Amino acid sequence: MLDNPIPLLGIAIVAVLAGLLAIRPLRRAVITRPVFSAYRKVLPQMSDTERDALEAGSVWWEGELFRGKPDWQKLHAYPVPKLTPAEQSFLDNECEEACRLVDDWKVTHELYDLPHEAWRYIKDKGFLGMIIPKKYGGLEFSAYAHSQVVTKLSTRSSALSVSVMVPNSLGPAELLLHYGTEEQKNHYLPRLAKGIEVPAFALTSPWAGSDAASIPDTGVICKGLYQGKEVLGMRVSWDKRYITLAPVCTVFGLAFHLFDPDGLLGDKKHIGITCALVPYDHPGVDTGRRHFPLNAMFMNGPTRGKEVFMPLDFIIGGPKMAGQGWRMLMECLAAGRSISLPSSNTGMAQMTARAVGGYARVRSQFKMAVGKFEGVEEALTRIGAYTYMMDAVRKMTAGAVDLGEKPSVISAIAKYHVTERARQVVNDGMDVIGGKGICLGPNNFLGRAYQQVPVAITVEGANILTRSLIIFGQGAIRCHPYLLPEMQAAQNPDAKKGLVDFDKALFGHIGFTVKNSLRSLWLGLTGSHFVGVNADVAPEMKRYYQQLTRFSSAFAFLSDVSLLVLGGSVKRREKLSARLGDILAQMYLISCTLKRYEAEGRKKEDSALAHWAIWDAMYKAQQAFDGVLANFPVRFIAAVVNRIIFPWGHPYVVPSDEIGHQVAKSLIAPSATRDRLTAECFLPLVENEPVGAIELALKATLEAEPIEAKIRAAEKAGRFDNNPQANVRDIAIVAFEVGVITAAEYEIMKRRNHLRDIVVHVDDFPFDYNVATANKPAECRMAA
């Protein structure tokens, strides 16, 4: 007999387990079937709208980040989006002219609308039909070109950019292109392309808000009179608000729940959410008074109707698409959100970076440009690095749309994180320009942006809900390689087939989790130094690919642990879900930044922007890991996971101040880096334009700085002692009079001082300014 039977017993147990796992029919009977039965019981029933939301769109690079081992070669194989010659010409000419036609102060303070000539121009030149194919009279621009146009227009005026953005985003044109009947396309698309029709889309209800699937607006299938004939149609009641372009639209998309109580279309009583296309002057349509969204002055308002009869032909796609509205919206929303708000907010950030950076060099305090103070540098650093990352995100995401993707998860990431960074950029800009920023007027280039930042935070899915419910709540199911297949298998009405599929997904899931736990531990122990990067990348960026691989593996492991422990309740644990979403989002933002650095030719002079933005994102991701683990409900599991992911403690710190100095320095002087960072900015180089005046003053300031240094040296030597005119404003006059500077140098200083005074000027008004016209209504429909 053996003295110690334990080793043999262990071997026997391992052999039995291995046998169970290897023999699939036996494995299914002994292991999978009980798990399958239990899973089917606890899995909540999925509504049609939830299923449509989950299945809509596609999974792209975010799926790689969810797998724990991203394929970097795949990232760099994605084509870099480029403009066609026609698109570039449109950006250089038509967009420039559209910007020139708009004065944002007049729009927001005097006209309360775009000027007539601007409306006419954007209609005549096809701005409202950029996504419409040429065969219908549209421009047929790529998603990237659409993004470029919106970005540029946003550097000039939010009213201009939104008026162009909305018809090309979620709205009738996009829905018609994908789902409309040939008759609807042939009638509406040419008219939309030429601006004869102005579209809007009515989705949001006062009582549903962001819970768009719960809209109370209803339609009932019935017979009624239309154009003198009795036809089968629907009687629709709705009350919508926050509808952009509603006050000026001529046709609007309308989302409502459709019912068929009398069975006129079939046996189904609740047909589902339906989208119809309704003329604004259709009998019974009531376009309400306009909203004022924080003085942005793009047209926005309510629309209502009470038992309005309309034929079934009003349904987008005709009667066969009745009840398909939610899926239509989910699929189209992903593309629209990928472009509209990321682009408009990036434009806002580019304008801020360009103007505030220039202002910080022109404006002096304590005999030094304010942009050289370390405290101001800190704000300028965030402005520059965040703008670089935001632009990277919007370009890569628009490129995904051009590849045919409908990226529901990354569109949510782009919308949330670009708009949040825009808020930080504008807030920092306001801090730098100080009193200049808080006094509204024609010369205030940032006040309206600061005022309107919450608009982007709120629309197209409020940021709080996007972060806490969508990014991880939807992303975990859509992007995880096994979670959705497990759910689909469990809900398969064919239990036998479902068991086979569930077995395959379950054991794939187990292996996936085990691999990521071991990989996370190994990468933590080794600091990810031995990770192979299967792509040709810039040597100065290689460590980020290795570290991002570590993040990906740790995220995949932590996600699986969270889903295992919390199950379906993870959706209700919104704070934990939000932090898990933050990790995924920061990884996507870093990926976009790395992609941009490679795509632009590894420009070393831009590297500080990329380094700071990536380090900041890694630090934020680490904080999100901490937030999940610190609040994990099972403390023992949290401790074990923490030790696996961070065996030596926290490796990531805040970005270096030296790198931040390099970023700030690139904003306060003309350079190729500054030009690339703000490439889409509209720059009218004239003194009576606030941004143009800054550009001219910056050039004059740099030319004057050597002369100013000569004056300062003379001042220290006592050349101007006891001269009351030798103050910060007039010292150049004294220097010329006593021969410190030449006549030519004095002319340079005069020019600099003239432009500086324009830049630092703050508007003032008479006591009764605008009182007489304060309540004057805007003639909305006439203006458009």
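**Exercise 1. T346**

Find the contacts of T346, leaving out residues up to four places away in sequence. Then decide whether T346 is buried or exposed.

*Solution.* 
- Step 1. This is a predicted model, where local features need pLDDT of at least 70, side-chain atom pairs count only at pLDDT 80 or more, and totals for chains, interfaces and linings use all residues. Residues are numbered from 1 along each chain as its sequence is written, and side-chain values use heavy atoms, with hydrogens and water left out.
- Step 2. Locate the residue. T346 sits in helix 14, residues 325-362. (Helices are DSSP runs of H or I with at least four residues, strands are runs of E with at least two, and both are numbered from the N terminus.)
- Step 3. List the contacts (heavy atoms within 4.5 Å). T346 touches T151, M390, D391, R394 and V418.
- Step 4. Check the accessibility. T346 has 0% relative accessibility, so T346 counts as buried. (Buried means under 20% relative accessible area, exposed over 50%, partly exposed in between, with a 1.4 Å probe and protein chains only.)

**Exercise 2. Y121**

*Solution.* 
- Step 1. Now take a distance. Y121 and A213 are 92 residues apart in sequence, and their C-alpha atoms are 37 Å apart in space.

**Exercise 3. H282**

Say where H282 lies and which residues H282 touches, not counting those up to four places away in sequence.

*Solution.* 
- Step 1. H282 is in the loop between strand 5 (270-279) and strand 6 (286-287).
- Step 2. H282 is buried, with a relative accessible area of 8%.
- Step 3. H282 touches Y226, V308, F309, M310 and F314.
- Step 4. Take F309 from that list. F309 is 27 residues from H282 along the chain, and their C-alpha atoms are separated by 9.3 Å.

**Exercise 4. The faces of helix 6**

Which residues of helix 6 are buried, and which helices do they pack against?

*Solution.* 
- Step 1. Helix 6 covers residues 85-92, and its buried residues are E87, F90 and L91.
- Step 2. These buried residues fall within an arc of 100° seen down the axis, so they line one face of helix 6. (The arc is that of the directions from the helix axis to the C-beta atoms.)
- Step 3. Recall a rule. An α-helix has 3.6 residues a turn, so residues three or four places apart point the same way.
- Step 4. Turn to the face away from the buried side. P85 and A86 are exposed there.
- Step 5. The buried residues pack against helix 7 (94-100) and helix 10 (143-154).

**Exercise 5. Helix 6 against helix 10**

Describe how the axes of helix 6 and helix 10 are arranged.

*Solution.* 
- Step 1. The two axes come within 10 Å and cross at roughly 10°. (Axes are lines fitted to C-alpha atoms, for helices over the stretch in contact, and angles run from 0 to 180 degrees between N-to-C directions.)
- Step 2. Helix 6 and helix 10 are therefore roughly parallel to each other. (Angles under 35 degrees count as roughly parallel, over 145 as roughly antiparallel, 65 to 115 as roughly perpendicular and the rest as oblique.)
- Step 3. E87, F90 and L91 of helix 6 meet A145, Q148, V149 and K152 of helix 10.
- Step 4. By class, this contact has four nonpolar, one polar and two charged residues. (Ala, Val, Leu, Ile, Met, Phe, Trp, Tyr, Cys and Pro count as nonpolar, Asp, Glu, Lys and Arg as charged, and the others, Gly among them, as polar.)

**Exercise 6. Helix 26 and its partners**

Name the buried residues of helix 26 and the helices they pack against.

*Solution.* 
- Step 1. Helix 26 runs over residues 635-645, with A638, V641, I644 and I645 buried.
- Step 2. Their arc around the axis is only 125°, which puts them on the same side of helix 26.
- Step 3. F636 and R643 are exposed on the other side.
- Step 4. The buried residues pack against helix 22 (495-526), helix 23 (542-566) and helix 25.
- Step 5. Look at two of these partners. Helix 22 and helix 23 pack at an angle of about 135°, with their axes 8 Å apart. They are therefore oblique to each other.
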